[in-house]
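Please look over the structure below. A short report on its contacts and surface follows.

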Amino acid sequence: MKISLAHKGNFGYLKQKRNQVLIMTLIMFAISAALLIAGIVTTGGKENLLTIVAVLGCLPACKSTVSLIIYCKASGCSEDVKKLLESEGECHISMYDLYFTSYKKNFPVSHMVVEGKNICGYSEKKIETNLCEEHLRTILKQSGYKDITIKIFTDINKYKDRLGQLAKIDREPTPEKDAEIRTVLYDISL
């Protein structure tokens, strides 16, 4: 069995990450349970050092459970949308399965591209796009990126049209800056 590491921006990232966190959570609780049982079996009661270690071992397991709940709520890009976007022969660097969290709302973004001073994203869920755009704009300003146009779509046809427009824009390529912006977006996503 080959275990692959999930990388942000790849299709299926959220699903892979959810599975990894699930396995780690189960392992952590199993270790705590084994320590508790070992302490009871060896000393004949629960008043022992292994019980304390088992209870303390529940702390990271509970933290991992919270992460698991968040990953279970997060939804990634569907296979249909991925195929639809790939069938268009897009020439952009695709970012999939981004889930942005803010103090007010969470924003699942199925697909996103960065082209110069333009960031364009598509969400399969009905989200408040203006709040998502403002959240991303604020984070990017804090990171030193100003004058960036951000547009999030919930209509796949309008999104595909916008991707086509971005491909036709005659501009000087800035792959290093685009990569830096993608890194900031990865850093603030789940």
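## Cysteines

The structure holds zero disulfides, a disulfide being a pair of cysteine sulfur atoms within 2.5 Å. Such a bond is a covalent one between the sulfur atoms of two cysteines. Cys 72 is in no disulfide, and the nearest cysteine sulfur, that of Cys 62, is 15 Å away. Cys 72 is partly exposed, at 47% relative accessible area. Here buried means under 20% relative accessible area, exposed means over 50%, and partly exposed lies in between (1.4 Å probe, protein chains only).

Cys 77 is buried, at 9%. Its closest cysteine sulfur is in Cys 120, 14 Å away, which is too far for a bond.

## About the model

This is a predicted model, in which local features need pLDDT of at least 70 and side-chain atom pairs count only at pLDDT 80 or more, while totals for chains, interfaces and linings use all residues. Residues are numbered from 1 along each chain as its sequence is written, and side-chain values use heavy atoms, with hydrogens and water left out.

## Aromatic pairs

The structure holds three aromatic pairs. Rings of Phe, Tyr and Trp (its six-membered ring) pair if their centres lie within 6.5 Å; planes under 30 degrees apart count as stacked, over 60 as edge-to-face and the rest as tilted. One of the pairs joins Phe 11 and Tyr 96: the centres are 5.7 Å apart and the planes are at 85 degrees, so this pair is edge-to-face. Phe 11 sits in the segment before helix H1 (13-43) and Tyr 96 in strand E1 (residues 95-101), so the pair links distant parts of the chain, 85 residues apart. Helices (H or I, at least four residues) and strands (E, at least two) are DSSP runs, numbered from the N terminus. Phe 11 is partly exposed, at 27%. Tyr 96 is buried, at 7%.

Phe 153 and Tyr 159 form a tilted pair, with centres 5.9 Å apart and planes at 55 degrees. Both of these residues are buried. Ring pairs link Tyr 122, Phe 153 and Tyr 159 into a cluster.

## Charges over rings

Lys 82 lies over the face of Phe 11, at 5.0 Å from the ring centre. Lys 151 lies over the face of Phe 153, at 5.5 Å from the ring centre. A charge sits over a ring if NZ of Lys or CZ of Arg is within 6 Å of the ring centre and within 35 degrees of the ring normal.

## Salt bridges

Side chains of opposite charge can pair when their charged atoms come close. The whole structure has three salt bridges, each a side-chain nitrogen of Lys or Arg within 4 Å of a carboxyl oxygen of Asp or Glu. Glu 128 and Lys 105 meet in one of them, at 3.1 Å from N to O. Glu 128 lies in the loop between strand E3 (118-122) and helix H4 (129-142), and Lys 105 in the loop between E1 and strand E2 (106-115), so the bridge ties together parts 23 residues apart in sequence.

Glu 133 bridges to Lys 151, with the closest N and O atoms 4.0 Å apart. Glu 133 is in helix H4 and Lys 151 in strand E4 (residues 149-153), 18 residues apart. Glu 133 is buried, at 11%, whereas Lys 151 is partly exposed, at 37%. Glu 134 and Arg 137 also form a salt bridge (3.1 Å, N to O). Both lie in helix H4, three residues apart, about one turn of the helix.
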